[in-house]
Amino acid sequence: PCAARAPTPFRCHETRCGPGAAGEDVWAGFRDPRAAVLFVGLVRRACGDPVRPPSGPPRASLLLRDPPGQCGLKRRARCLEDESRMRRFLRAALPGFAVDVAVTPGPTTPLCAQQRLFSGPTALVTPHGAHLTNALFARPSAAIVEVVPWSLPEWGAYTNLTKDIVPGHGRAHSLRPPPESLGRWASLSRAECAAHSLCKAAVRDGAPLRPIYREVHALLQGVLGGRV
């Protein structure tokens with residue numbers, strides 16, 4: 001639990017998920033927002049990547065957990081149900097943007113490569129995951145849409161982490177997965193699943209993400225305004 005940890009620059013609070021479920025530590029952001037600004041500035045300088053006005057057309061990135069078309073071959077965690085639909089959506093919703101597809105960094109990806117992956121795009125859409133700690137390195141004016149699994153409706157660790165430095169980071173929810181993806185948990189409501197650690201983890205890591213596109217559009221429009 002948070003109270004038992006050594007002091008860190010981060011605030012956290014413990015969330016308990018109901019009967020039979022273990023508590024979880026959820027980041028509540030930096031203790032001092034100035035620490036976030038200092039940390040990001042130090043990394044940018046070390047990586048030789050200061051924030052500059054983008055050259056050429058603005059970029060929108062779809063950041064996937066596996067190469068396009070390969071999600072689910074090695075791992076099933078947080079695949080978009082229809083990657084091509086999301087690409088078409090971004091091209092239609094963001095006229096004038098160059099839309100590209102990239103893969104989330106892994107544990108052996110150098111820090112500066114992770115930083116550059118997030119610092120370039122004006123808009124970024126990606127599934128929920130630990131790679132979003134790098135959202136700290138996004139442009140302060142960027143729109144970041146985190147597509148969260150159906151079983152994590154209220155879990156906001158990464159938006160808490162970035163709220164003081166990238167306020168345009170928001171969460172878009174997912175529709176209920178198909179029954180075959182829910183398996184033994186098919187009879188549970190979303191609230192019941194979210195309150196049960198086994199159901200929550202099974203859906204988070206095994207069911208496809210079915211983004212609510214109106215939420216994705218609203219988040220992009222809220223940050224980018226007339227460009228959407």
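Predicted model: local features only at pLDDT ≥ 70, side-chain atom pairs only at ≥ 80, totals over all residues.
**Aromatic pairs**

I searched the whole structure for aromatic pairs and got 3.

I looked at Phe 39 with Phe 137: the ring centres sit 6.0 Å apart and the planes make 35 degrees, so I logged the pair as tilted. This pair ties together distant parts of the chain, 98 residues apart. I found Phe 39 in helix α1 (residues 33–46), and Phe 137 in the loop between β5 and β6.

Next I checked Trp 155 with Tyr 158. Their ring centres are 5.7 Å apart with planes at 70 degrees, so this pair is edge-to-face; the cut-off for that class is over 60 degrees. Tyr 158 has 8% relative accessibility and goes down as buried.

**Helix α8**

I moved on to α8, residues 213–224. I get 12 residues and 16 Å from first C-alpha to last, close to the 16 Å expected at 1.5 Å a residue.

Which residues of α8 are buried? I list Tyr 213, Val 216, Leu 220 and Leu 224. Looking down the axis of α8, I see the buried residues fall within an arc of 60 degrees, so they line one face of the helix.

What do the buried residues of α8 pack against? I noted α2 (83–93) plus the strands β5 (123–127), β6 (143–147) and β7 (169–172).

On the face of α8 turned away from the buried side, I found Arg 214 and Gly 222, both exposed.

How values were computed:
Residues numbered from 1 in each chain as written. Heavy atoms only, no water. Helix = DSSP H or I, 4+ residues; strand = E, 2+ residues; numbered from the N terminus. Expected span 1.5 Å × (residues − 1). Buried < 20%, exposed > 50% of the residue type's maximum accessible area, 1.4 Å probe, protein only. Arc of directions from axis to C-beta. Contact = heavy atoms within 4.5 Å. Phe/Tyr/Trp six-rings, centres within 6.5 Å; stacked < 30°, edge-to-face > 60°.
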